[in-house]
Amino acid sequence: MNMDEEYFPKPDILAPSRYLPESDARSDPSLKGKEFPSKYGQAGFGWGRRACPGAELAIKNIRIALSKLIWAFDISPLEGQYYGTMNIISESRGTFEAPAPFDCQFTVRSDRHRQILEKDFIEGNRVLEDFPPFE
């Protein structure tokens with residue numbers, strides 16, 4: 001469904017700008033198609049009676065995780081490598097398409113960021129002790 005050009009013109013290119021409101025200067029109207037029937041604007045969580053009941057929780061957790069990564073790390077290509085435009089349909093992983101794996105470098109922004117990450121890691125492990133994995 002996410003590859004239907006009626007809803008997603010040029011579906012084979014990575015274009016986050018297609019999801020921006022038209023009032024945003026970075027929005028590209030040529031990448032906006034017919035309005036998708038899902039309230040999320042894509043098929044990842046289904047829609048209608050078959051919508052994922054955990055979609056809101058998943059979206060909020062993804063935003064928290066991505067925000068923490070962007071806050072804590074400088075993310076850059078490896079020395080001497082240029083990735084250019086990525087083909088977003090180069091590797092299939094089940095229901096959804098994903099880019100092929102690529103190497104990059106994560107560098108902690110500061111010692112203070114590292115201390116907070118280490119503290120969060122310890123606290124998170126403490127909480128997870130109450131929820132052992134299934135055997």
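These legends go with close-up views of a predicted model.

Local features here need pLDDT of at least 70 and side-chain atom pairs count only at pLDDT 80 or more, while totals for chains, interfaces and linings use all residues. Residues are numbered from 1 along each chain as its sequence is written, and side-chain values use heavy atoms, with hydrogens and water left out.

**View 1. The overall layout runs α-β-β-β-β-α along the sequence.** That makes 2 helices and 4 strands (DSSP runs numbered from the N terminus: H or I of at least four residues for helices, E of at least two for strands). Of the 135 residues, 16% are buried (under 20% relative accessible area; exposed is over 50%, partly exposed in between, with a 1.4 Å probe and protein chains only).

**View 2. Helix α1 covers residues 55-72.** Its 18 residues reach 26 Å from first C-alpha to last, close to the 26 Å expected (1.5 Å times one less than the number of residues). A55, I59 and A72 are the buried residues of α1, and they pack against β1, β4 and α2 (contact means heavy atoms within 4.5 Å).

**View 3. R109 and D74 meet in a salt bridge, 2.8 Å from N to O** (a side-chain nitrogen of Lys or Arg within 4 Å of a carboxyl oxygen of Asp or Glu). R109 sits in the loop between β4 and α2 and D74 in strand β1, so the pair ties together parts 35 residues apart in sequence. R109 is partly exposed at 40%, and D74 is partly exposed at 37%.

**View 4. K119 pairs with D120 in a salt bridge at 3.8 Å, N to O.** Shared partners join K68, K119, D120 and E123 into one salt-bridge network.
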